[in-house]
Amino acid sequence: MVLQVTNSPFNQEQVELLNRLLPMLTDTQRNWLSGYLAAQSCATAAAPGPAAAIAPGPAAQAIEGAGAPVAAAPREVTVLFGSQSGNSHGLAKKLVKKLEEQGLKTTLSAMSDFKPNTLKKVQDLLLVVSTHGEGEPPDNAISFYEFLHSKRAPKLDDLRFSVLALGDTSYEFFCQTGKDFDKRLEELGGKRLIPRVDCDVDFEGPAAKWIDEVVKSLSVASATASSPSAAAAPGATAATGAAESAYSRSNPFHAEVLENLNLNGRGSDKETRHLELSLEGSNLQYEPGDSLGVYPENDPRLVDELIAAMGWNADEPVAVPKSGEEIPLREALLRHYEITVLTKPLLEQIAKLAGGSKLQELVAAGDRQELKAYMQGRDLLDLVQDYSLKGVPARELVPLLRKLPARLYSISSSPKATPDEVHITVRSVRYEAHGRDRYGVCSVHLAERVQPGDTLPVFIQRNPNFRLPENPDTPIIMVGPGTGVAPFRAFLAEREEIGAEGKAWLFFGDQHFSTDFLYQLELQRWLKDGVLTRLDVAFSRDTEEKVYVQHRMLEKSRELYQWLEEGAVVYVCGDKKKMANDVHAALTTIIAREGGLSPEAAAEYLNRMQQQKRYQRDVY
């Protein structure tokens, strides 16, 4: 910005001095100066006399003397997060740290912990929220989402806000929860501080830019603050209190594989791998309930078929995401780019490269259901073969692909029981669709191409929404069929190590007792030793009528309700679409039946449990 004499109160000499000084100032110096001038103005108005001397330090200290007026306190910033797997929580903590470094007073809270009736007092509101399933809010955002969209929501004419939305473009309702919050806050009278940002699975870059923009927009308010807040926002510190590891999602640790075992017996239709990895030397810390992020490799069979179908040269150099480093095409497709998932944005971009193709007709037709039906269960090779895309240069098509995302797996070990190790439980995914065999990217990579002694790039994904009770005497009820048992193996190992006295009840299910009873010997030992109080199992293919975990829960309805009344915490892990909904319905039925409540009152009972963190779900 350049000052002109004609539009300023300064003379020519002052204008020249300012125009030489202003471009050299840092953001911190500008903030300091603005705060100083504001404080100086207050002091001059209150007590005419010689101007106070500029003193080193924050602007608020520039005016000396007891009782001297100071500039108004900065607006308080409220940061709320809605998170299922922990990504939104982690980003919210990063945001709070940067805001506090600018001297801003902040409040950090999960949406479920925030008191909605205080919303009308909030001045600056920043939301970081993921979208779960098909456009649904995560569990800890539901109550706030429902309040905001109800008639009880207040007018927010004085509110400034911004939304960071996390999602996945392979789902139809991409970032829908964030979009809903953004729209509703505007309808209630709020003004956007900066526009909403929608993030795909590779969210780090867009999220960092949004955080920087938010901090920049609010940083002027920090000029009158005496110093950054010394108190950490709730939940803003690492769970363990240990020194922070240098390894993260963007800088994964290459962990050595110690064991890779098949947990299923001979003759099973399933293959479930138990992997043990060494964390020695990484300083990575985790708690039971957290997840391990694993960066996989695409199936070499699929990569080679794709290269052949496109007529590409496997050794042609192409750039990898972010770094821009050029490596051979085959290596890039193996380790860096997603080729098994089709998204609408990808199809739209590829259609532009393939002029006059039928793909353009599919994308341009506007038939959302037809497009969705085509993308379901198909990959890039299908697209290439179905729409005759051979001949599109690799250098043009490959940069359109998404970065190969990490896969998250619930950790099945306790760091107290197995120091410097982390265990995961992974079911291999193999199926036939559209005339071809299909393979789960990470699960089959782990099952077929990873041996003890190999290394895997990994990171810890914290999940504060899935935690053992602070009081080890609190009873717990765990529902985890199939690989959903993974975090409960970690819970029980942890409780054994700390000598927890609280009762523990596990509902486990799978297809066959003889081949699919995962961790059977460990669970039976814990039952014998009293670490596990009750174990109820359901093997759906061993009986004429299929029996699942929710049926076992209903069979034990009275006792289960007694545990709830005693303050038990309920945990559910596994498939969201079917199992988790069936378990939720079973819990509602049990509460209504045994508590003599209406369906509405039973639903409210469960809602209260969720708000009290007595009903926690790790579902996918």
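Two strands pair if DSSP finds at least two bridges between them; strands (E, at least two residues) and helices (H or I, at least four) are DSSP runs numbered from the N terminus. In this predicted model, local features need pLDDT of at least 70 and side-chain atom pairs count only at pLDDT 80 or more, whereas totals for chains, interfaces and linings use all residues. Residues are numbered from 1 along each chain as its sequence is written, and side-chain values use heavy atoms, without hydrogens and water.

The chain contains 21 helices and 21 strands. Of its 620 residues, 50% are buried, that is, under 20% relative accessible area (1.4 Å probe, protein chains only).

An open sheet is formed by six strands in the order β12-β9-β16-β7-β8-β13, with antiparallel pairing. Strands β12 and β13 are its edges, each pairing on one side only. Within this sheet, β9 and β16 run antiparallel and are joined by four bridges; V294 stands opposite V458 in β16.

| Strand | Residues |
|---|---|
| β12 | 407-410 |
| β13 | 421-427 |
| β9 | 291-294 |
| β16 | 455-461 |

Strand β16 also contributes three residues to the lining of the second largest pocket, the largest share. Two or more lining residues come from each of α8 (329-335), α14 (441-449) and β16. The lining comprises 26 residues, and H254, Y295, R335, H336 and P457 lie nearest the pocket centre. A pocket is an open set of points on a 1 Å grid over the protein atoms alone, where a 1.4 Å probe fits, with protein on both sides within 12 Å along at least five of seven lines; lining residues have an atom within 4 Å of a point.
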